[in-house]
Every structure is written in structure tokens, then in C-alpha cells.
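Let's walk through this structure together, starting with its charged side chains and then turning to its nonpolar ones.

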Amino acid sequence: MAKLERRIENGNFDRLLQQITEVICQGSISASIEESSYFQSGTSRCAVRVFERYSVIGGNRLSLSVTLFQGEDGDIRLSAISSGGSQGIFFKVNRWGEEAFLDEIREIL
């Protein structure tokens, strides 16, 4: 697994969510949104997206879970966690694919 967490001060929640979705889905022919969720309470809101794509390096599929949370202070907190099945029984050999998935989000930030 690989993880990226950031705090974005005074960001545009809707625009950031749209950019992440576009970059991930257009970055790979095999990328797709597997599931999504959205919650709001007062001025706080939270969006969760789970993406998946094929990793040539690992010969398997990778998933990327992205959570955006915007609280009453207006700042956005982002958590992105990638994970992929590995063909190894005892060793995980797909770290590169997981990091590459997160690199797409790093470019936006």
C-alpha cells in the first residue's frame, strides 16, 4: 500500500474532486470509478471515490481510494490510498504501480 495525505487551505472542493476524477480516468485506458459516496452535514462534506486500473508492472489490478473532507473551516483534507494485488506469496512486488497511481494526484496538488 501507498498513502498520500494533504491539507489544502481554502481549496475548491468540487473542482478538486472533478480534477482528480478526470486525471485518473483519462490517465489509463483501463482506469474506472468502481464506487463513490458523498455525505454532507451543515457546511461539512465528504466525498469518497474508489478507482481501479490494470498495472502492467504487476500484471494485476490496482485500486485507489480517495477521500476528500471539507470541514467548517473551509480547508480540504485529502487522503489517497492505493493498493494492488501482488503475485508474490510472501513479498509484495507492486510498490511501483501503487506509487504511480498516487503520482497522478500529486501532479494536481
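Predicted model: local features only at pLDDT ≥ 70, side-chain atom pairs only at ≥ 80, totals over all residues.

The side chain of Asp73 meets that of Arg7 in a salt bridge, with 3.4 Å from N to O. This pair links distant parts of the chain, since Asp73 sits in the loop between E4 and E5 while Arg7 belongs to strand E1, 66 residues apart. Shared partners extend the picture, as salt bridges join Arg7, Asp73, Asp75 and Arg77 into one network.

The structure holds 7 salt bridges. Another of them pairs Arg61 with Glu52, whose closest N and O atoms are 2.7 Å apart. Arg61 is partly exposed because its relative accessibility is 35%, and Glu52, at 23%, is partly exposed too.

Now look at Glu104 and Arg53, whose side chains form a salt bridge at 2.6 Å, N to O. Glu104 is in helix H2 and Arg53 in strand E3, so this pair ties together parts 51 residues apart in sequence. Are these two residues, Glu104 and Arg53, buried or exposed? Both Glu104 and Arg53 are buried.

Next comes the nonpolar side of the story. The largest nonpolar core has 20 residues, and those touching the most other members are Ile20, Leu64, Val66, Leu68, Leu78, Ala80 and Ile105. Strands E1, E3, E4 and E5 and helices H1 and H2 each supply at least two residues of this core, with H1 giving the most, 5 residues. For a closer look, pick Leu68: leaving out residues up to four places away in sequence, its contacts include Phe13, Leu16, Leu17, Ile20, Ile76 and Leu78.

Note on methods: Residues numbered from 1 in each chain as written. Heavy atoms only, no water. Core = buried A, V, L, I, M, F, W, Y, C linked by side-chain atoms within 4.5 Å. Buried < 20%, exposed > 50% of the residue type's maximum accessible area, 1.4 Å probe, protein only. Helix = DSSP H or I, 4+ residues; strand = E, 2+ residues; numbered from the N terminus. Contact = heavy atoms within 4.5 Å. Salt bridge = Lys/Arg side-chain N within 4 Å of Asp/Glu carboxyl O.
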